[in-house]
Amino acid sequence: MIEAIVDYCRQHREPAYMLFRHYLEQQKPFLLRSDLIEQFESLACEEYAQSLLGSPLEGMVYKAQEVAIEGPWLCFAIRSRIGCWDYVRFHAEAVSAELISVSEFLAFKEGLAGHRQDLDGWPLEIDLTPFNRGFPKLQESRSIGHGMEFLNRKLSSELFQDFEKGDRQLFEFLHVHQFQGRQLMLNRRVRDVRGLQAALRQAEAYLRKQPSGATWDDVADRMQEFGFEIGWGRTVDRMIDTLRLLSDVLEAPSASQIEQLLARIPMIFNIVILSPHGYFGQANVLGKPDTGGQVVYILDQARALEKEMHHRLQEQGIDIEPQILVVTRLIPEAGNTTCDQRVESIMGTRNARILRVPFRDASGEIVPHWISRFEIWPYLERFTLEVERDIQVELHGRPGLIIGNYSDGNLVASLLAKRLHVTQCNIAHALEKSKYLYSDLFWQENDAHYHFSCQFTADLIAMNAADFIVTSTFQEIAGTDDSVGQYESHKAFTMPGLFRVLNGIDVFDPKFNIVSPGADPDIYFSFREKARRLKGLRRGLRQMVFGNGNGSPHRGKYEDESKPMLFTMARLDRIKNIAGLVEWYARCPRLRGLANLLVVGGHLDPALSNDHEEREQIDRMHQLIDEHALEGQVRWIGFQSDRNFVGELYRFVADHRGAFVQPALFEAYGLTVIEAMASGLPTFATCYGGPLEIIEHDRCGFHIDPNQGAAAAELFADFFEKANDDPAEWQRISQGALDRIEARYTWKRYGQRMMTLARVYGFWKYVTNLEREETQRYLDMMYNLQFRPLARSMVKSS
């Protein structure tokens with residue numbers, strides 16, 4: 001590309017010069033992709049600039065994500081394709097171009113951000129490239145997020161190229177499985193691979209003569225003589241099938257056979273799920289600071305994983321009740337929640353529970369009050385050590401899998417997994433660096449409140465330490481052709497005065513896997529399923545929406561209750577953009593004439609919130625209602641935490657032929673989108689983040705750009721107008737939403753895939769260098785020399 005650009009600049013000097021001059025005239029140090037395209041298109045209309053159209057420069061502009069400018073220099077960050085970046089520096093006056101390194105580009109940005117004094121020194125540069133040389137990587141962007149499948153194909157072919165080595169490692173792997181001292185799968189009567197193959201033939205011949213429904217207890221004595229222990233199957237038919245599967249793998253292995261075999265091996269009996277921050281509980285917590293969709297996700301996740309673990313163990317003939325511990329923080333000043341209880345059983349499970357461990361200050365005293373997710377970093381190391389002790393007491397040993405959630409949970413998971421030698425899975429939910437523009441470059445301006453220095457360092461450590469990373473969508477990893485993914489944004493960035501990241505994560509790493517969660521089918525189901533509806537809630541819902549609020553704080557009363565409702569529900573913070581939605585509605589007379597707006601979220605009294613951002617949003621909501629005289633068209637109700645009530649609320653809105661909208665500036669996934677669609681509500685949602693993949697535009701919902709509020713409001717109005725003229729239009733989108741959820745987004749599918757991932761990565765970690773010991777040493781250095789001093793400095797500054 002650079003050669004073509006140089007040739008074009010040489011042959012078409014005037015349009016190239018005018019384009020660079022046009023960018024310089026904006027007098028901004030940084031231009032984003034949208035700015036670059038807008039200015040290019042305005043210039044390309046000029047007659048002298050017609051040659052820009054279809055030129056290499058046009059291709060570069062549309063591939064660029066940003067440009068850093070200090071006349072006469074312009075430095076472009078060009079994303080030639082997903083996950084692949086180049087950096088080009090132009091001299092506007094000379095109309096010349098040259099490739100520069102990522103380090104040079106980041107240094108140029110630092111200078112523009114006012115950190116020239118740091119450029120004469122020796123900045124710390126973080127580059128994980130050398131540790132990944134020789135490690136298998138995906139090549140095609142379409143394969144991103146399917147790491148398990150790639151890894152299984154790649155490593156199985158390499159491992160079993162030397163059949164003797166591969167068979168021996170698989171044989172040794174089968175020998176290591178135990179549960180609380182009880183040997184599983186193989187005993188010491190089988191001493192080598194050849195002996196195993198002979199034992200497989202003998203055992204199969206014996207089992208074929210037994211009743212197909214006979215259980216392990218019926219055949220145990222003879223099978224143990226052959227060298228086999230419990231774990232091959234509940235019935236003789238299942239045992240034969242598993243024995244044949246192993247025999248086929250030993251004879252001529254394939255990736256799919258190995259995956260099928262690993263799915264049957266009893267490897268995981270206990271799971272620890274980490275989510276330290278916020279109020280983690282089952283009642284009266286949603287809507288509190290730092291407490292939202294992640295809590296719902298984890299509780300549903302625990303139920304799905306327990307069901308799948310129990311099912312797999314039962315199929316393999318092992319009568320063990322799997323255990324899941326969701327580990328969070330104990331908060332003594334818990335208000336009307338259960339967050340001050342050490343142990344709490346999770347409803348809807350057999351043996352999953354919440355284990356709460358307190359934060360302690362430097363003197364060892366328990367911290368009694370809630371702490372913002374941005375302020376918890378100094379407490380996590382001590383918290384990890386207490387968690388390590390407590391989970392081993394609760395589980396009578398180590399867990400088989402540790403799952404981290406969000407930045408704090410992922411860091412604790414990394415520390416625990418390293419100490420306990422356990423497979424680690426990370427789930428980010430949302431990486432904060434993606435939410436706040438230039439939060440890395442200008443971190444010092446925000447660090448007193450957000451402490452991004454700690455968080456971004458923790459994120460880098462955790463994502464590189466994880467054995468596998470689960471995301472809900474492709475975009476979370478690698479964005480789209482036009483936008484950068486959350487993880488991809490950590491590939492290269494700078495935090496001036498702290499460190500410069502040259503290669504922080506590679507989205508082509510096979511550790512990334514897409515596993516989309518669903519909505520609880522017992523709570524979120526179609527409004528058409530009349531027999532399942534909670535009829536006793538109807539009166540309360542009508543009162544809440546149309547009447548006295550049914551005990552919920554509320555503002556506004558509809559002048560015309562016959563109009564359909566545009567419904568939204570979220571906590572009140574800037575990113576969720578609920579106040580933005582109210583403003584779009586207020587400024588669109590056509591929409592106001594067609595539909596009422598129903599907002600459920602947050603407190604209505606700012607004095608009841610201890611979160612400064614929520615208080616600002618509450619004040620903004622009241623201001624908009626007053627300013628635009630919305631009392632008769634907007635109903636604002638305080639946040640609802642009863643999930644059954646919320647499920648019926650979605651269906652209540654559907655009964656009235658309404659629609660749901662999720663207007664966030666960015667949404668990593670969008671559980672409310674899934675819930676609304678599962679209820680049969682036509683759904684509008686942000687085009688930034690997960691909803692872009694969940695919704696198929698104009699088939700099961702609609703995408704909106706939260707930066708184009710007027711256009712979004714017109715789209716809402718268009719839909720309600722069409723639905724009013726032709727009721728079949730509403731039905732079409734409603735049924736499309738139901739079909740989409742059934743096909744792609746269920747917790748059953750989630751549980752099955754998570755259990756397979758844990759087994760496959762656990763196996764390859766055992767038989768190869770998936771542990772990446774060299775990388776771990778590098779990360780240990782980052783933790784000790786970077787993260788710990790930053791976390792400790794928070795205590796001193798406070």
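## Salt bridges between separate parts of the chain

Glu561 and Arg542 pair through their side chains in a salt bridge, with N and O 3.9 Å apart; the term covers a side-chain nitrogen of Lys or Arg within 4 Å of a carboxyl oxygen of Asp or Glu. The two partners come from distant parts of the chain, 19 residues apart: Glu561 sits in the loop between β19 (554-555) and β20 (565-569), and Arg542 in helix α19 (residues 538-546). Helices here are DSSP runs of H or I with at least four residues, strands are runs of E with at least two, and both are numbered from the N terminus. Glu561 is partly exposed at a relative accessible area of 32%, and Arg542 is partly exposed at 40%. On this scale buried means under 20% relative accessible area, exposed means over 50%, and partly exposed lies in between (1.4 Å probe, protein chains only).

A word on the model itself: it is predicted, so local features need pLDDT of at least 70 and side-chain atom pairs count only at pLDDT 80 or more, while totals for chains, interfaces and linings use all residues. Residues are numbered from 1 along each chain as its sequence is written, and side-chain values use heavy atoms, with hydrogens and water left out.

The structure holds 57 salt bridges. One of them joins Asp780 to Lys418, with the closest N and O atoms 3.7 Å apart. This pair also links distant parts of the chain, as Asp780 belongs to helix α29 (residues 773-797) and Lys418 to helix α14 (residues 406-420), 362 residues apart. Lys418 is partly exposed, its relative accessible area being 39%.

Asp698 and Arg732 form another salt bridge, in which the closest N and O atoms are 3.0 Å apart. Asp698 lies in the loop between α25 (691-694) and β25 (701-704) and Arg732 in helix α27 (residues 727-744), so the pair ties together parts that are 34 residues apart in sequence. Asp698 counts as partly exposed at 35% relative accessibility, and Arg732 is partly exposed at 35% as well. Elsewhere, salt bridges with shared partners join Arg342, Arg353, Arg360, Glu386, Arg389, Asp390 and Glu394 into one network.

## The largest pocket

Where does the lining of the largest pocket come from? At least two residues each are supplied by α3 (33-44), β2 (64-70), β4 (84-91), α5 (102-112), α15 (432-435), α18 (474-478) and β16 (493-495). The lining has 49 residues, of which Leu32, Gln65, Ser434, Leu437 and Val484 lie nearest the centre of the pocket. By class, this lining has 20 nonpolar, 17 polar and 12 charged residues. Ala, Val, Leu, Ile, Met, Phe, Trp, Tyr, Cys and Pro count as nonpolar, Asp, Glu, Lys and Arg as charged, and the others, Gly among them, as polar.

The volume of the largest pocket is about 1,600 Å³. On a 1 Å grid over the protein atoms alone, a pocket is an open set of points with protein on both sides within 12 Å along at least five of seven lines, a cavity is a set of points where a 1.4 Å probe fits but cannot get out, and lining residues have an atom within 4 Å of a point. Grid points are joined across faces, edges and corners, and a volume is the space filled by probe spheres set on the points.

## Enclosed cavities

How many cavities of 30 Å³ or more does the structure have? The search finds 2. The largest cavity holds about 70 Å³ of space, and its lining consists of Tyr406, Ser407, Asn410, Asn426, Ala428, Ala430, Leu431, Asp459, Ala462, Met463 and Tyr487. Helices α14 and α17 (452-465) are the elements that give two or more residues to this lining, which divides into 7 nonpolar, 3 polar and 1 charged residues.

The second largest cavity has about 40 Å³ of space. Leu128, Asn132, Asn464, Asn503, Gly504, Ile505, Asp506 and Asp509 line this cavity, giving 2 nonpolar, 4 polar and 2 charged residues.

## Helix α10 and the cysteines

Helix α10 (residues 236-251) has 16 residues and should span 22 Å at 1.5 Å a residue, which agrees with its end C-alpha atoms being 22 Å apart; the expected span is 1.5 Å times one less than the number of residues. Its buried residues are Val236, Met239, Ile240, Thr242, Leu243, Leu245, Leu246, Val249 and Leu250.

The whole structure has 0 disulfides, a disulfide being a pair of cysteine sulfur atoms within 2.5 Å. The cysteine sulfur closest to that of Cys75 belongs to Cys9 and is 14 Å away, too far for a bond. Cys75 is buried at 0% relative accessibility, and Cys454 is buried at 0% too.
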